[in-house]
Amino acid sequence: MSSDQTFITNERGGTLLDRFTILISGCRFFDCIVAFFNISGFYKIYKALEKTERIRVLIGIGTDERTYNLLKSAG
């Protein structure tokens, strides 16, 4: 488990996307629970997950039709 407590400042190199990408890079399994999920956000992090064995995303009812159809076809 990482003890990195770097602040998210929204400055270059300190955005939420930057921190999240660093945290998930190289993970073996990626499980997350989110209320809202859009494929556009996943496109921003997918490179960090390319070597991940298993990716599971549990989403609430807040998603768009395009995301639903992509997830359904991938299943």
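Q: In what order do the elements of the protein chain run from the N terminus on?
A: This is a predicted model; local features need pLDDT of at least 70, side-chain atom pairs count only at pLDDT 80 or more, and totals for chains, interfaces and linings use all residues. Residues are numbered from 1 along each chain as its sequence is written, and side-chain values use heavy atoms, with hydrogens and water left out. Helices (DSSP H or I, at least four residues) and strands (E, at least two) are numbered from the N terminus. The protein chain has three helices and two strands, in the order α-β-α-β-α.

Q: Which helix has the highest confidence, and which the lowest?
A: Confidence is given as pLDDT, the predictor's value for each residue from 0 to 100. The protein chain averages 83, and 89% of the residues score at least 70. Helix H1 (residues 16-24) is highest at 88, and the lowest, at a mean of 80, is helix H3 (residues 65-74).

Q: Is Tyr-46 buried, partly exposed or exposed?
A: Tyr-46 sits in the loop between helix H2 (39-45) and strand E2 (54-63). Buried means under 20% relative accessible area, exposed over 50%, partly exposed in between (1.4 Å probe, protein chains only). Tyr-46 has 34%, so the class is partly exposed.

Q: What share of the contacts with a separation of 6 or more joins residues 24 or more positions apart?
A: A contact means heavy atoms within 4.5 Å. Among contacts in the protein chain with that separation, the share is 59%.
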